[in-house]
Amino acid sequence: MSERGDAAYPAPLRSERRQLEPFGWYREMRESAPVRYDSERDIWGVFRYETVDGILRDHETYSSDREPDVDAPPSMLSSDPPTHTRLREPVEGRFAPGEVERLAPEIRRMATELVEEAVAGGEMDVVDDLARWLPTMTIAALLGVPPEERERFKEWSDTIVAGPQLTGGDREALQERQEAAGREMRDYFMEVMARRAEEPRDDLISDVLLEYDGGDLTEGEIRGIFELLLVAGNVTTTNLITNAVWCLAANDCVGTVRGDEDALERAVEETLRYRSPVQWTSRIPTEPVEVEGHEIAAGTPVRTYIGSANRDPAVFDRPDEFRPDRDPNPHMAFGRGIHFCLGAALARLEARIALSELFDRVEDVRLATTDLEPVAGTFLYGVRELPVRFERRG
Ligand code: HEM
């Protein structure tokens, strides 16, 4: 989800404290400048629920083609129909809620293993001991990548989505590492695709190759889909799992969701709203548009602040309260319209399983520090470490 010409944070969010708590600034913007032009970066920002919703649903006026890079094959996330349809259709069925449910036993097995080890002492880092691993292990299982490759997987996708840290961030060095990771990942997928073409297995890579290679999609496009799945489903889901433990522990409500599938589901939805793992995305108007009285030129990026829309009091009662039983909860943490997150059902499933496995084994969960640091990566929202203390149950 890289963006053209607006890679950096807006000036008001250029401190770690503000990145962890951007919500006060969002409130100010919703009230006083809900459609805001940032002359420093030549980009617009929109903050209200209704406006964000309208823009994300209108893919004809607002393009997702943010990366006019002629060398790379187009990506689903950054393309418009008909290319978008062609790239999404081959994998859409595999990500439907009923389909991903089939992965539940395998995800639970992996989560149990991680949690058992993590809770051996009276303290754990939720990120490093659990949340960091489960999403990559899940995608690897879905794609059919053997467990021993998963460390490398993790490393590539972490590097590719990383943004420079505010202090000592070296853009060029990061860019070089990102390019190298991109190349390695590409070579890796080319090799696996060649192997699966010769000897298909019961996995997503084989399925897509059998059905589409040489037909609707080029080999580069197929590879691009797998690379996107790995990158898009990794840190986002890590942050969801971590943010859920953070919210529940900080509000002392782990006990209210333990052993109750429905309660857990609502708590995951409230985490998605309250500490949205993706805080914004962007669109490029294909023609001059007027948004709430502001003229926006064609081609100027518009950043849609999902994290702000999810705190809009026009839609959510007491939006700045974390209420784990909030229902209904029409948050837009997974976006809207044709680009609605392909992995939403999978991310929800992973989070529910991770939390239920963890909370079955621990009680009295407390944050071990209040000194939290935001993750690197401008549109991503989460913390680098989340140390918690707890008592073991039973
Ligand atoms: C909590 C976890 C996640 C969050 C918050 C999240 C959020 C989002 C958002 C906001 C979008 C829309 C972006 C836009 O409209 O510009 C999106 C798209 C996408 N996500 Fe996710 N995502 C998550 C997990 C996943 C997972 C697990 C996968 C795959 C395994 C995934 C794959 C994708 C793909 C492929 C797209 C592009 C869809 C399209 O353009 O049609 N995401 N995600």
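Which backbone atom lies 3.3 Å from an oxygen atom of the ligand? A polar backbone atom of Met-76 is at that distance from the ligand oxygen, a polar contact being a pair of N or O atoms within 3.5 Å. This is a predicted model, in which local features need pLDDT of at least 70 and side-chain atom pairs count only at pLDDT 80 or more, while totals for chains, interfaces and linings use all residues. Residues are numbered from 1 along each chain as its sequence is written, and side-chain values use heavy atoms, with hydrogens and water left out.

**Iron site**
- Cys-341 provides, through SG at 2.3 Å, the single protein donor to the iron atom of the ligand, donors being N, O and S atoms within 2.8 Å of the metal (3.2 Å for Na, K and Ca).
- Cys-341 sits in the loop between helix H16 (306–309) and helix H17 (344–361), where helices are DSSP runs of H or I with at least four residues, and strands are runs of E with at least two.

**Ligand shell**
- Among the 29 residues around the ligand, those that come nearest are His-84, Arg-88, Thr-281, His-339 and Cys-341; a residue is counted if one of its heavy atoms lies within 4 Å.
- At least two shell residues each come from helix H4 (83–92), helix H12 (219–232), helix H13 (235–250), strand S5 (281–285) and H17.

Note on methods:
Polar contact = N/O pair within 3.5 Å; in protein donor to acceptor, adjacent residues only side chain to side chain.
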